Amino acid sequence: MSAFGLMAASVVLIFFVVPDDADQGFSQRIFYFHVPIALTSYVCFGWGAWKALLHLWKRARGADLESYVAIHLGVIFGALTLLTGSIWAKISWGHWWVWSENQLVLFLVLFLFYCAYFMLRFSVEDGPARANLCAVYALFGVVLIPVSFLALRLAQHIIHPVVFTAHGPRVHGVMLLTFCVSLAAMLTLFATLYHVELAGKRLDSRLRELRELLA
Amino acid sequence: MTTAEKYVAAAYLVVFLAVLAYVFIIALKLVRLEREVAELTELAAKRADREQVPELTRVG
């Protein structure tokens, strides 16, 4: 319910409260969903890597499944980042994709890296070996997150806008508030979907065990 | 509707449809799990009935 409420509040703020951007006009409104979705996908991959580390380090029970669910959601949020970003690029730059932009290409690399995680997971038989392999792979991928995030800030010639710099945000007032509400909405949506999917997977696994016992 | 408005609407529609598709898939999964729980409950009840019969004979 909190995810739904925050999402509704962010949509109201984006379309009825926040003013048009002086530079980009109405199309800048994509920013309020595109950037929070991208940041949420980083959080998903980071959370997946943390759970993978817990699996390898402490042998935490269920950490492998939690890592898988977080990465699964990260890939969904990643796909949405690429889609909304492409639409925004088409309005702002006149192209769906610009290969010379490091930020875009690095995010695509990160996205494809985690897409390959599923190829690995579903090509190995279920068991401790698969859990270990997937955990190591998830940990390798997390290195790409700071690279992708910093690429934009370190690049000399970029056309991709940078809103949050070392000197603070370049949006203020109601624009910053709208962004914060949208980010909270996306993070709450991730938390909700994560718990729902995880509960479904755990229930599925327990039912399988019960079926084997009763068979 | 201007071109910019169309693109912004498309971007938000993409996000909305993705969330809707996800919720739909989860709902389908819940229906399947509910069916499985019902099947297993039935199976457990049948097994309990089968196990009760020899016990009653022994007591009687």
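Buried means under 20% relative accessible area, exposed over 50%, and partly exposed in between, with a 1.4 Å probe and protein chains only. By that rule, 45% of the 215 residues of chain A count as buried.

This is a predicted model, in which local features need pLDDT of at least 70, side-chain atom pairs count only at pLDDT 80 or more, and totals for chains, interfaces and linings use all residues. Residues are numbered from 1 along each chain as its sequence is written, chains are lettered from A and ligands numbered from 1 in the order in which they are written, and side-chain values use heavy atoms, leaving out hydrogens and water.

**Start with the whole chain.** The order along the sequence is α-α-α-α-α-α-β-β-α. The C-alpha atoms occupy a box of roughly 65 × 40 × 30 Å along the principal axes.

A contact means heavy atoms within 4.5 Å. Among contacts in chain A with a separation of 6 or more, 75% join residues 24 or more positions apart.

**Now the cysteines.** A disulfide is a pair of cysteine sulfur atoms within 2.5 Å. The whole structure has 0 of them over all chains. Select A:Cys44: its nearest cysteine sulfur, that of A:Cys115, is 13 Å away. A:Cys44 is buried, at 0% relative accessibility. Move to A:Cys115, also in no disulfide. A:Cys115 is partly exposed, with a relative accessible area of 24%.

Key
Helices (H or I, at least four residues) and strands (E, at least two) are DSSP runs, numbered from the N terminus.
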